[in-house]
Amino acid sequence: MGYLQGEKPISISKLLSMHAEGEKITMLTAYDSTMSALLNRCGVEAILIGDSLGNVIQGHSSTTHVTVEHVVYHTACVAHANTRAFLIADLPFASYGDPIQALDSAAELMRAGADMVKLEGGGEWQVEVIRYLVERSVPVCGHLGLLPQSVHVLGGYKVQGKSKDAASLMLEQALACEEAGAQILVLEAIPSSLGKNITESLSIPTIGIGAGPDCSGQVLVLQDMLGISPGKPPKFVKNFMNGHTSVEDAVKAYVREVKSCKFPEPEHGFAG
């Protein structure tokens with residue numbers, strides 16, 4: 001289990017090397033130093049300081065209430081206890097409407113300790129923002145499929161890319177994000193077959209959350225995989241506390257199951 005033995009911090013080069021070698025990448029969200037330290041002990045390679053904090057920390061029904069200042073605060077908390085994991089911080093709603101604003105927002109997150117920033121969407125303007133940031137030495141993770149920041153436009157949390165045209169457009173957007181310089185791509189709530197197609201079409205790693213087992217890695221919201229989020233969990237979530245007596249054991253089980261391709265199972269995916 002070499003992924004638990006390295007002392008060197010995980011870099012983007014390491015993640016890209018893992019992808020090239022076919023080793024699955026494990027990612028979970030965290031928002032505070034205690035959980036950051038625990039995820040590091042358990043061998044999680046990447047931690048996402050997600051704007052999901054709007055739901056699981058602040059109690060809102062969407063992520064649109066989250067500000068740059070909120071993500072900066074939680075990124076700093078996570079970074080203080082981080083010893084090894086690669087830290088990705090979300091650019092929140094309305095913080096990257098143009099390239100200059102995006103650079104200002106990204107700079108704040110990286111000064112707080114992020115190794116990379118993540119932004120949602122693959123339209124022309126988002127691709128322009130990705131290119132602008134990368135050209136100015138800001139590493140970028142893209143995000144396609146279900147876009148939580150666009151939930152009011154989408155009309156709810158719905159599976160994306162189900163039609164042939166929608167799937168073709170998403171593949172085009174994925175390729176455009178890669179061409180613009182994105183080094184990782186999160187795929188959320190899309191048919192498993194589309195997750196496989198996009199992953200096989202890119203040279204960068206994909207991180208799935210409800211995108212099937214063929215993605216280069218997996219991510220879940222920590223509170224969801226521990227079974228402590230209010231309400232009904234999404235279909236793609238597995239409660240890893242079942243059968244375990246501690247949070248640490250549950251996270252270690254998640255790492256093992258992602259690495260061994262046991263998670264996600266077909267029941268956690270969506271048909272085209």
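How many residues line the largest pocket, and which of them lie nearest its centre?

Reply: Happy to! The model is predicted, so local features need pLDDT of at least 70 and side-chain atom pairs 80 or more, while totals for chains, interfaces and linings use all residues. Residues are numbered from 1 along each chain as its sequence is written, and side-chain values use heavy atoms, without hydrogens and water.

The largest pocket has 35 lining residues, and those nearest its centre are Asn 55, Glu 188, Val 221, Asp 224 and Pro 234. (A pocket is an open set of points on a 1 Å grid over the protein atoms alone, where a 1.4 Å probe fits, with protein on both sides within 12 Å along at least five of seven lines; lining residues have an atom within 4 Å of a point.) About 720 Å³ of space lies inside the largest pocket, counted as the space filled by probe spheres set on the points, which are joined across faces, edges and corners.

Two elements to find are α3 (53–56) and β6 (184–188), each giving at least two residues to this lining. (Helices, H or I of at least four residues, and strands, E of at least two, are DSSP runs numbered from the N terminus.) By class, the lining of the largest pocket holds 16 nonpolar, ten polar and nine charged residues. (Ala, Val, Leu, Ile, Met, Phe, Trp, Tyr, Cys and Pro count as nonpolar, Asp, Glu, Lys and Arg as charged, and the others, Gly among them, as polar.)

The second largest pocket has a volume of about 220 Å³. Its lining has 14 residues, with Gly 145, Leu 147, Gln 160, Met 170 and Gln 173 closest to the centre. Here β5 (140–145) and α8 (164–180) each supply at least two lining residues, and α8 gives the largest share, four residues. The lining of this second largest pocket contains six nonpolar and eight polar residues, but no charged ones.
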